Amino acid sequence: GPDGIFDLALKDCSEARALSQKLTAAELTATLSEPRNIGVALDLIGVYLKNYDIDKCDMVLERVVPLAKKKGGTWYIKALDKLCAVRMKQFRAWDALVALQEIERLVPFRPEEGWEFHDIMYRNFAWCYSSLDEAEKCLEYTRKSAEVKRINNQPASWFDIWDLGKAHARLGQKKKQRDEIKIGYELCKKAGEIHRKAEASDRIMLAKILSNVGEVAMGVGDSLHMDGETEEAREWYEKAEQPLREAYELHATALGPMKPLSGWQAGTVAHCMVRLERWDEVREYLEMALKVECTKDSTTNGSLIELIDRMTNCHQELDDMPGLGAYMSDLEQGIKGLRQRGWDRRERDVFALLLQRVSTTCLLGDGGGGLGISKALAFLKEAEINLQIFIGEAAQAEEEVQLDMGEDETEKLKNKKFGPQVESAGELLAQIMSSKRILEMVAQPQKPEAPTAFTEEIPEGAEEAKTISP
């Protein structure tokens, strides 16, 4: 019988694939459960990760993790490590954290017996807590990473300095302590300087450090701007520009402009250009970011909504709303990809919000010519259906399940939400239905008016005379 992981791995080897098609499901599972084949499957996930084939990673994970769990021991830890890496790439921090907690429970040796393993594990914990906006826990695990090296007589590296810088900056932003953010800036900057000399060939890592230097500088500028110190704020925004631009160039030249890291960095540079009010450059970088976001296989509804909102704001500043029409083909491709990966079903409410945004973009982008009405109407109809299903499912779940939403820290972390959210599905549905009715009225062909009787007789040949007279 067919097995997805074999179909994927053997697609370019027709003889082996034909053989796999002759085996039963039980025989395929037994084959895959062989230690060597589990190892190959886990290595395959690593290859797909390097090439940003996240959907393929998911397919292999779904098949191999249960088999590795059944074997237990080192195999299960390795599988959980791959699971964690993929979930981090998908920005699913809670799922990555759960995998890490299981690894920490299962690891058979103490930090003194394997400091390298614990060092990486603590770094990953710090990333998860940072993504979950838990700045104190992020700093705690960053310090654990440095401490495990200290007790094993290992010197701190630029990586430790960088991690500490990010953790201090995150904590400073959360606690609104500008001096803490500045400490983070200096540490990240120092890490970049050391890395540039120590590992000159690793351009991607340098790009990531430089990006953080620029982001933290923008954070200092934002803090000053909120306190009304606009001149000093602008100085920090100008400090941010150079490392952010260099980070983009490093990503784009090393990986290519259409890779996810390049797209992400283009969006970050655009944030800086907004603060410096250089709107033509904002549009340039956002256009690159949007194109990448619409083609990669790890995008989400929320990330597209945020980019559409930023792009719309940019075109308002440029007084060029019809220019939004240039992005419709990219947006349609992005929506198609989200449907294929099930995001229309996983987040029906947020997907409906995205469709509403795309519908608006469609109308604004046609310059009032009415050419985008039918397409905008189709998006609204799909949004309406998704919201109706979402509201029905939510009502059913409320009747069947009562969650204990006490002060349990694990539950609070698990249920944290990031990015655009729908506050009231009912209100959004009312807006969409209202917009849909208006567009349906506009889209209806107008019936020609009945001719009225002439009040006076038109002399024969009057029209001809009118057209040939000088």
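**Figure 1. His-168 in helix α10.** His-168 is placed in helix α10, which spans residues 158–175; helices (H or I, at least four residues) and strands (E, at least two) are DSSP runs, numbered from the N terminus. The model is a predicted one, in which local features need pLDDT of at least 70, side-chain atom pairs count only at pLDDT 80 or more, and totals for chains, interfaces and linings use all residues. Residues are numbered from 1 along each chain as its sequence is written, and side-chain values use heavy atoms, with hydrogens and water left out. With a relative accessible area of 13%, His-168 is buried; the term buried means under 20% relative accessible area, exposed means over 50%, and partly exposed lies in between (1.4 Å probe, protein chains only). When neighbours within four places in sequence are left aside, His-168 is in contact with Leu-139, Arg-143, Glu-180, Ile-181, Ile-183, Gly-184 and Leu-187. Contact here means heavy atoms within 4.5 Å.

**Figure 2. The salt bridge between Arg-87 and Asp-58.** The side chains of Arg-87 and Asp-58 form a salt bridge, at 2.8 Å from N to O. This pair links distant parts of the chain, 29 residues apart: Arg-87 belongs to helix α6 (residues 73–89) and Asp-58 to helix α5 (residues 54–71). A salt bridge is defined as a side-chain nitrogen of Lys or Arg within 4 Å of a carboxyl oxygen of Asp or Glu. Side chains of opposite charge can pair when their charged atoms come close. Arg-87 is buried, with a relative accessible area of 12%, whereas Asp-58 is partly exposed, at 22%.

**Figure 3. Arg-123 and Asp-119 within helix α8.** A salt bridge of 3.3 Å (N to O) joins the side chains of Arg-123 and Asp-119. Because the two residues are 4 residues apart in helix α8, Arg-123 and Asp-119 are separated by about one helical turn. Arg-123 is buried at 14% relative accessible area, and Asp-119 is buried at 7% relative accessibility. Both residues take part in a network of salt bridges that also links Lys-149, Asp-160, Asp-163 and Lys-166.

**Figure 4. Glu-116 in helix α8.** Glu-116 is found in helix α8, residues 115–131. Its relative accessibility of 44% makes Glu-116 partly exposed. The C-alpha atoms of Glu-116 and Val-148 are separated by 8.6 Å, although these residues are 32 residues apart along the chain.

**Figure 5. The salt bridge between Arg-339 and Glu-382.** The side chains of Arg-339 and Glu-382 meet in a salt bridge, with 2.8 Å from N to O. Arg-339 lies in helix α17 (residues 328–340) and Glu-382 in helix α20 (residues 373–400), so the pair ties together parts that are 43 residues apart in sequence. Arg-339 is partly exposed, at 30% relative accessibility.

**Figure 6. A patch of negative charge on the surface.** Glu-229, Glu-231, Glu-232 and Glu-235 gather in this patch. Patches are made of residues with over 30% relative accessible area and no salt bridge, where like charges are joined within 9 Å and nonpolar side chains (Val, Leu, Ile, Met, Phe, Trp, Tyr) within 5 Å. Lys and Arg count as positive and Asp and Glu as negative, while His and the chain ends are not counted. The place of a charge is taken as NZ of Lys, CZ of Arg, CG of Asp or CD of Glu. Glu-235 lies in helix α13, residues 230–255, and is partly exposed with a relative accessible area of 48%.

Definitions and conventions:
Areas by Shrake-Rupley, 256 points an atom, 1.4 Å probe, with all protein chains shown as cover.
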